[in-house]
Structures are given as C-alpha cells and as structure tokens.
Amino acid sequence: MENFTSNNTSMDSNISTRTETTNCDETLQQIFWFVNGVLALIILTGNAFTCAIFLSTKQLRQQYMNTFLVSLAVSDILMAVMVVPGYTSFCAGCKYLSTDTCWILAQTKDLVFSSSFFSLLAITYDRYLAVLCPLQYGCRMTRNKVTCMVLAIWILPALIASARNIWWLTMPEEDAKAINKVYNVILVFLLVMLPAMIMALVNALIVRAIQTQKRKTLPLRELSSVNQEISGEETRAETSRKRRGTIACVAVVLVFVLSWIPRSVYNFAFVFGRADLVTPLLVKLSMFFLLLQSCVNPLIYSFYRADFRQAAKRLLKHSK
C-alpha cells in the first residue's frame, strides 16, 4: 500500500534523491534486522501454536469466531515467513533489491495486510451478531456463510494485491506511477481508515452491550432456591465465557488499530506529498509495530479465554 521508486520504498515520482539517502541508515538497518528477526520467530511460534490449539480442539473448532481467528493467525504467520525476510529486510531500507523483485514482495505484503483487515472485520461482525443479535446468530452465521467469508478474506486481498500488475506491466513507468499513487490513496482509505472506524464503532457498541448484560445477570445472585441457583450459575458462567471471548477480540482489534498509527502516518506522508517527513526511524518503527501486534495476539487469547488456556494445556500434555 506504499509508493515505490526504483531505489527505495516509493513509486512516488516526487520523492527526491535526498529522501532516498535519508531513508538509509546502516546501523538502524542492522538493529532492526535483528529485532524483526526475533519478532518473526515469536510470531511464527505463537501463531502456529494458536492454529494448532484451535484446529485440534473440537469445542473450539465448532465456534465460528475461531475460524476467523485462525485466518488472522495464518496472516500473522505469512507476515513472519514472507514479509519480514523479504519486503521488510530488502525493500524498506538500505539493502534494496531490484524494482521488479520489490514490486512482487510489496504485493505479498499487500496480500498479508489485506487479509488481516478482512479477518478482523469478520471477527467484528461475528461478535456483533453474537452479542447484539444473539437470537439471530444461528440463522445469520451458518457454516456456508462462514466458508464464503473465509474465501472472501483471501480472494479479495489477492485481487487487491495483483491489481497493480494491470498498469505496472502494461503502461509506461510514469503513467503507472501516477495511477499507483491514486490507487494508494484508495487503499489507505478503504483498508485502513474505514475498517478502523467501523471496528471502533462496532466494538464500542459491543462493550456497552457486555456491560448492560453484566448488570442484568446481577439479580440472579439473589435467587434462593437450589434449582434457581444452579441455573443462575450456569447463566453467569455462559455470560462470562462470551464476555471474555468478546473482550479478547476487542483487545485484538484495539491493538491492531493502535499498531497501524505509525504506518498510517508513513502512508499519508506520501499521499500528501510530504515524503521528507519519512525518517529512517519512522520507516522501521512502522513495520516494527505491525510485527509486534502479530506477536501479542496469542497472548491476548491466553489471558482472556479460559477455554483457550485449557486447550493449550491439553495439547502440551498430549505432546509430551
């Protein structure tokens, strides 16, 4: 989603040689090679383990929300396997590969980022139905619909990433740069700003509904009969499970939005013709925070979701 030149990370024809030189800091490059490499290993290990837990536990597989969480984990894994050793290391700093190679690696990055956006939107939609429309959840969130949503999560990013080839391979370079700049503006709005606003609004409604639901369960604690106490305990347990599962998803979305702030500043600097604001540190930090949010997702699941922790313990016990 960024602009490219033949010598650095932008195709914006207005970027000067001075900007390209400024974006090259060998010491900073080496530091972040190491830091990003460590983060990539953590991302790969944590999200692979997350996928193994979700896929190996029947109870978790039956929850549609977890299907979208697996999709998000796969996006994170691809971030570690494809984006870090490729685009991040050799197309966003001093060590720059050929223009055509970085063009391909940038499309890989677009695919991974876009699939993360759509996975989070799917998670948000699932939580919206589960919390705000619980009586309609069963009929509105079916196996076929989930399958179609997962396919869309990956097909749409592939189309978005490959669309650049239409003008990159068929038009003169200057025309391709001009079209690409417009396309970047569209992607920044559609895949960063708009999803962030939608997810923030929906999750605010979800959190409010959770608090309202929590207050409604308080009178159950005052029931005196044994049967009512048992029923009340079961209701509170189910409500607590849904609440903590939803809070985990809200936390994932919140971390995602916060992590995208530096990258958004980076993108808009090019969009508004202020490439001079893009410092070497901003370039590195913008990718660092995206990698960091991929690291913390498994930790959020384990902190908020008891069913995830229990499944993880069983998996580790069986693997010994």
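How many aromatic pairs does the chain contain by the ring-pairing rule? The count comes to seven aromatic pairs, where rings of Phe, Tyr and Trp (its six-membered ring) pair if their centres lie within 6.5 Å, and planes under 30 degrees apart count as stacked, over 60 as edge-to-face and the rest as tilted. A pair of aromatic rings is described by the distance of the centres and the angle of the planes. The structure is a predicted model, in which local features need pLDDT of at least 70 and side-chain atom pairs count only at pLDDT 80 or more, while totals for chains, interfaces and linings use all residues. Residues are numbered from 1 along each chain as its sequence is written, and side-chain values use heavy atoms, with hydrogens and water left out.

The overall fold comes next. The chain has 13 helices and zero strands; helices (H or I, at least four residues) and strands (E, at least two) are DSSP runs, numbered from the N terminus. Of its 320 residues, 48% count as buried, where buried means under 20% relative accessible area, exposed over 50% and partly exposed in between, with a 1.4 Å probe and protein chains only. The accessible surface of the chain comes to about 15,700 Å², and carbon and sulfur atoms hold 66% of that area; such areas come from the Shrake-Rupley method with a 1.4 Å probe, and for residues only the protein chains shown count as cover. Among contacts with a separation of 6 or more, 78% are between residues 24 or more positions apart, a contact being heavy atoms within 4.5 Å.

One of the aromatic pairs illustrates such a link across the sequence. The ring centres of Phe 32 and Phe 288 are 6.3 Å apart and the planes stand at 80 degrees, so this pair is edge-to-face. Because Phe 32 belongs to helix 2 (residues 26-56) and Phe 288 to helix 12 (residues 280-304), the pair ties together parts that are 256 residues apart in sequence. Both Phe 32 and Phe 288 are buried. Phe 288 also pairs with Phe 289: their ring centres are 5.5 Å apart with planes at 75 degrees, so this pair is edge-to-face. Phe 288 is buried, with a relative accessible area of 18%, whereas Phe 289 is partly exposed at 31%.

Lys 109 lies over the face of Tyr 87, at 4.9 Å from the ring centre; a charge sits over a ring if NZ of Lys or CZ of Arg is within 6 Å of the ring centre and within 35 degrees of the ring normal.

How far apart are the end C-alpha atoms of helix 5? The 34 residues of this helix (residues 99-132) should span 50 Å at 1.5 Å a residue, and the end C-alpha atoms are 48 Å apart, which agrees; the expected span is 1.5 Å times one less than the number of residues. Helix 5 is mostly covered, as 25 of its 34 residues are buried.

Ser 75 and Trp 154 provide a further group of contacts. Ser 75 lies in helix 4 (residues 64-90) and is buried, with a relative accessible area of 0%. Apart from residues up to four places away in sequence, Ser 75 touches Val 112, Ser 115, Ser 116, Ser 119 and Trp 154. The C-alpha atoms of Ser 75 and Ser 119 are separated by 8.7 Å, although the two residues are 44 residues apart along the chain. Trp 154 is in helix 7 (residues 143-162) and is partly exposed, with a relative accessible area of 23%. Its contacts beyond four places in sequence are with Ser 71, Val 74, Ser 75, Leu 78, Leu 111 and Ser 115. The side chain of Trp 154 makes a polar contact of 3.1 Å with that of Ser 71; a polar contact is a pair of N or O atoms within 3.5 Å, and within protein one must be able to donate a hydrogen and the other to accept it, with residues adjacent in sequence counting only if both atoms are side-chain atoms.

Two further polar contacts complete the account. Arg 263, in helix 11 (residues 261-271), is buried with a relative accessible area of 0%, and its side chain is joined to that of Ser 286 by a polar contact of 2.6 Å. Gln 136 is placed in the loop between helix 5 and helix 6 (137-140) and is partly exposed, with a relative accessible area of 38%. A polar contact of 2.7 Å joins the side chain of Gln 136 to that of Arg 140.
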